[in-house]
Amino acid sequence: MFEKDLLQDQVIVVTGGGSGLGRSMAERFASLGARLVLCSRRLEVVERAAEEIEASTGSEVLGLSCDVRELDQVEGVVTRAVERFGRVTGLVNNAAGNFLAQTETLSSNAFKTVVDIVLNGTFHATLACGRQMIEQGGGTVLSIATTYAWTGSAFVVPSACAKAGVVAMTRSLAVEWARYGVRCNAIAPGPFPTEGAFSRLMPPGVEEAALRKIPLRRFGDHEELANLASYLMSPGSGYVNGEIVTIDGGEWLNGGEFNHFTSLPDEQIDGMFEQLRAATRRR
Ligand code: COA
């Protein structure tokens, strides 16, 4: 769906880029000509991903170990990226941490751990890459949010709070850094199967119920998210700034009062509505 060299002049840092959605986005960026710096806490995972993406796409990919909770580690990544590629034109804030828990059972450290990775980590990477982009005269920051950043969600309170902060940061910096040519956007994905997320967030036996909540009745394909991310990282989206783009098959809108009728067979819906019409006509 894109020109082959869409991201040719770009150098993109992807946090959590060694696996899951981060890796899928990275692969797509590289196939569109971008050079990449992938970082992850697990060096062996990110080095393997870098080698495999280089081999399959021919783009240069550097894999580095980095814990986004530590600002100096993210600054080190930016230094290495500039040494190797001369600049950083894009950042994807993808690294995250999450688990399901009843909130009243959480320790203060459990809350802090998720907020440190998701919110502070996103701030650290945005700050380190943003300073470099400002010096260079522009760039693009893309953060991975979630739809429950605005609806909230039971059982993932630390993540909901942190992602709400990421949305606020995106909108704030979209205005503040526009004058430096730095655009800030976010993607709010619904459920996309990954080992990391599904092993933590999809207990056995609830997959059918999760699918029923999604109007399109399926989970997302990684390629669909990677295409959206590629568009938002490309010059073609140059006037999109401060936007949170939802990609969830319509899931978050499905709380509407009567939406649950959609899970019934058509004849039953027709019959029900006809009964109501007949009853109100008689009045
Ligand atoms: N329920 C309740 N508390 C939990 C928990 C769970 N499932 N998992 C961890 N915690 C608590 C721990 O008990 C600890 O608190 P304590 O010191 O008061 O006991 C605190 O959270 C930190 O846990 P720890 O395992 O030391 O942190 P970590 O930095 O090694 O791991 C996580 C961070 C917990 C977020 C881990 O799941 C992780 O590394 N995730 C990364 C990938 C990921 O989550 N991907 C999914 C994205 S959707």
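Is Asp67 buried or exposed, and what is its relative accessible area?

Modeller: Happy to. This is a predicted model, in which local features need pLDDT of at least 70 and side-chain atom pairs count only at pLDDT 80 or more, while totals for chains, interfaces and linings use all residues. Residues are numbered from 1 along each chain as its sequence is written, and side-chain values use heavy atoms, with hydrogens and water left out.

Asp67 is buried, at a relative accessible area of 17%; buried means under 20%, exposed over 50% and partly exposed in between, with a 1.4 Å probe and protein chains only. Its salt-bridge partner is Arg69, with 3.1 Å between the closest N and O atoms. A salt bridge here is a side-chain nitrogen of Lys or Arg within 4 Å of a carboxyl oxygen of Asp or Glu. Arg69 itself is partly exposed, with a relative accessible area of 26%.

Arg69 also leads us to the ligand: with Arg41, Asn98, Ser107 and Asn109, Arg69 comes nearest among the 16 residues around the ligand, where near means having a heavy atom within 4 Å. Several polar contacts (N or O pairs within 3.5 Å) can be picked out. Oxygen atoms of the ligand lie 2.6 Å from a side-chain N or O of Arg41 and 2.8 Å from one of Asn109, and a polar side-chain atom of Arg200 is 3.2 Å from a ligand oxygen. The protein covers 56% of the 930 Å² of accessible area that the ligand has on its own, by the Shrake-Rupley method with a 1.4 Å probe.

The largest share, four residues, comes from α7. By class, the shell has seven nonpolar, six polar and three charged residues, with Asp, Glu, Lys and Arg counted as charged and Gly among the polar ones.

Lys112 is partly exposed at 45% relative accessibility, whereas Asp116 is buried at 17%. In general, side chains of opposite charge can pair when their charged atoms come close. The structure holds ten salt bridges, including Asp67 with Arg69.

Conventions
A polar contact is a pair of N or O atoms within 3.5 Å; within protein, one must be able to donate a hydrogen and the other to accept it, and residues adjacent in sequence count only if both atoms are side-chain atoms. Helices (H or I, at least four residues) and strands (E, at least two) are DSSP runs, numbered from the N terminus.
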